[in-house]
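Trainee: I would like a close look at a single part of this model, and then at how that part sits among the other features.

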Amino acid sequence: MSIIVADEPRVGPVPPEPAPLKTNYLNARSGILSWLLTVDHKRIGILYLVSLTAFFVVGGLAAGLVRINLLSPTGAIMTEDQYNRMFTAHGVVMLFLFLIPSIPAVFGNFFVPMMIGAKDLAFPKLNLASWYVYMIGAGFMVWSVLAGGIDTGWTLYPPYSSRYSQSNVFPGAFGAFITGFSSIMTGLNIMVTVHKMRCPGMTWGRLPLFIWAMYATSFIQLLGTPVVAITLTLLCVERLAGIGIFDPAIGGDPVLYQHLFWFYSHPAVYIMIVPGMGVISETITCFSRKNIFGYKAVAWSSVGIAVVGFLVWAHHMFVAGISYYSAILFSFLTMLVAVPSAIKVFNWTATLYRGSITFQAPMLFTLAFLVLFTVGGVTGLFLATLGTDIHLHDTYFVVAHFHFVMVGGMVLAYLAALHYWWPKMTGRMYSDFWSRASATIIFVGFFFTFVPQFVLGYHGMPRRYPNYPAEFQVYNVLSTAGASILGFGYLLPGFYLTLSLFFGDKATANPWSATGLEWQTPSPPSTFNFDRTPVVVCGPYEYAIGVDQLGRGLPEPPGPGSADDPASHHGPTGPAGPMHKETHVVG
Amino acid sequence: MHTEHKVDDPPTMHDVDSPGAMFLVFLVVLGLAVANILLATTGLGKLALPVQLGIASVQAVLVAYYWMHMRRGDQVVTLSALSSLFFVFIFYVLVLSDVLTRWRIAM
């Protein structure tokens, strides 16, 4: 069954607004045990959201202290040893407890079943188990921090970490080992769900691009995470039993650790960013009222990134003593991964072309993502180039590069997702003004924080050093000032989103006039999502003709709603307007 | 009356391995682990690496075949498992591209 599109685009009948549910997933059961023992994918998503937010605050505080210390060339507030432990805490908490689980665990859990028309994930109990495993692993890491921290950097390079460090390496490494299993469980669950539980009509060619991204991410999680698990086990074996694996003094090879570690940890970068790319495909179509440009290219580029991402790891090791020939090979392979990433960026930009763009908070975060991720990606090519990397390796240039990708890319995509789906998750609308203000402040603060770091790195300031020459101070002060703006921008959503729970307007079922199946349920949804199994009749982004995936008309998008409003159905470029957009129905 | 069991049908008791069989496989895997540890102390010389990797491979095959139910898996499951071997192959090739050429002097 497929939707029939005549020569002229048309607007389907708009379904009536569903009555708010008396019983939804939030109030179906009450009490703390109803949360701790839930197998509802949406509630587990909320459990992850609360946990991740807490760890994001902890990791952010550590970053703030690092930046404050760097205000002075000799270290403003910490000893050198304390500084080592602080930046390690920032890295470990942000990577293992926030960035890696973030979108898959929160929005993947919550929205993958809803977007494919399913009642739940394939293994609901495994889903709950994944949260508990994550919390147990996080407990070990908190133990390592409270007991004095780790001073090795988040990469835990031996032989320092395995033989000589006097800090709490074991609980930290063991915690990372345990949280890895949580990642595997989530990946397995999502992969099986996408394969087995799509509703009728939801073919692979009609899957929302967020689902394609989550599927590609699951592939990396399943294949890569076991490798780092066994690597950390070997590290602990060497540390606890003195068996020579990585320490050359007892017969080991430290470069072997780096091969094993980065074989997971570089693809882990794509575990972090690919789900964010999926979010961007959802928001950029919704807020430009257009079908995605190049659906298949964007979908397959997610898979391409997942596959090629496994072939590039040794660019982290160009100055670690790997062979010259191998370095050339990995330099070339690293360049290759830019191709699918660039395909996405070009297709998103083409999607914006002649779009009816509106600037709600999710779209502001999305546009900020586009700019910052592109800068992060292009500077990645500098580092992929063998000769340039030898100059820039282990400098602040690298720090700035990966923060442009991880914070400018991933965290902003996370915030875009949070603002886009918040009305569906909570049933409440947040402050339009303050959310736009937050997005703007974060964007400005981000630039102030990390652009000076490119300059610092280019001029040779190494990363992880607490001291620096006096001529670098102006850039460090600029960067710390930017970090304070950035921190303020991050605090704002904590306030207005929390306030929205109590004072926000009630959200309609489809407040953004979006096309996906998740918007065809009341806000907040019922425990089993859909009254009856939905039947999908068309692709995921038919904004130009104004129909959702069930073939029904879309409500008016937010905005003035007048004929001058380009996003309106009856606006100049709306589906019923005189200059309606050309489209090609996907699927 | 006996009817043919199809792959898509729900599992029956016939499809489930007995606890005794699974425990036996577990003991064999444990025994091979002990053998591997003991062999490490015997000084096999150049044979140590192939022999011990061979034992480890047998252990992995036993776990995959019995504990991961590969022997009852359909073709897609078998293909997925074999593709993971290909993935390991890629890892080995690229690591060896470093290890085997590390000591050559660049032209």
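Which residues of α3(A) meet which residues of α5(A)?

Mentor: This is a predicted model, in which local features need pLDDT of at least 70 and side-chain atom pairs count only at pLDDT 80 or more, while totals for chains, interfaces and linings use all residues. Residues are numbered from 1 along each chain as its sequence is written, chains are lettered from A and ligands numbered from 1 in the order in which they are written, and side-chain values use heavy atoms, without hydrogens and water.

From α3(A), A:Ala89, A:Val92, A:Phe96 and A:Leu97 meet A:Tyr134, A:Ala138, A:Met141 and A:Val145 of α5(A) (contact: heavy atoms within 4.5 Å). By class, this contact has 8 nonpolar, no polar and no charged residues (nonpolar: Ala, Val, Leu, Ile, Met, Phe, Trp, Tyr, Cys and Pro; charged: Asp, Glu, Lys and Arg; polar: the others, Gly among them). The two helices (DSSP runs of H or I, at least four residues) span residues 80-99 and 124-146 of chain A; their axes lie 11 Å apart at an angle of about 180° (lines fitted to C-alpha atoms over the stretch in contact, with angles from 0 to 180 degrees between N-to-C directions). That angle makes α3(A) roughly antiparallel to α5(A) (over 145 degrees).

Helix α3 of chain A also holds A:Asp81 and A:Arg85, which are 4 residues apart and therefore separated by about one helical turn. A:Asp81 and A:Arg85 form a salt bridge, with 3.0 Å between the closest N and O atoms (a side-chain nitrogen of Lys or Arg within 4 Å of a carboxyl oxygen of Asp or Glu). Over all chains the count is 8 salt bridges.

At the interface of chain B and chain A there is 1 salt bridge, in which the side chains of B:Arg102 and A:Asp253 meet at 3.5 Å, N to O. The side of chain B that touches chain A has 8 nonpolar, 2 polar and 3 charged residues. The contact involves 18 residues from chain A and 13 residues from chain B. B:Phe87, B:Phe91 and B:Leu94 supply 43% of the area that chain B buries against chain A, more than any other three residues (accessible area, 1.4 Å probe, lost on putting two parts together, summed over both).

As for backbone geometry, a cis peptide bond joins A:Pro158 and A:Pro159, with omega about 5°. A:Pro159 lies in the loop between α5 and α6 of chain A.

Technical notes:
Parallel < 35°, antiparallel > 145°, perpendicular 65-115°, else oblique.
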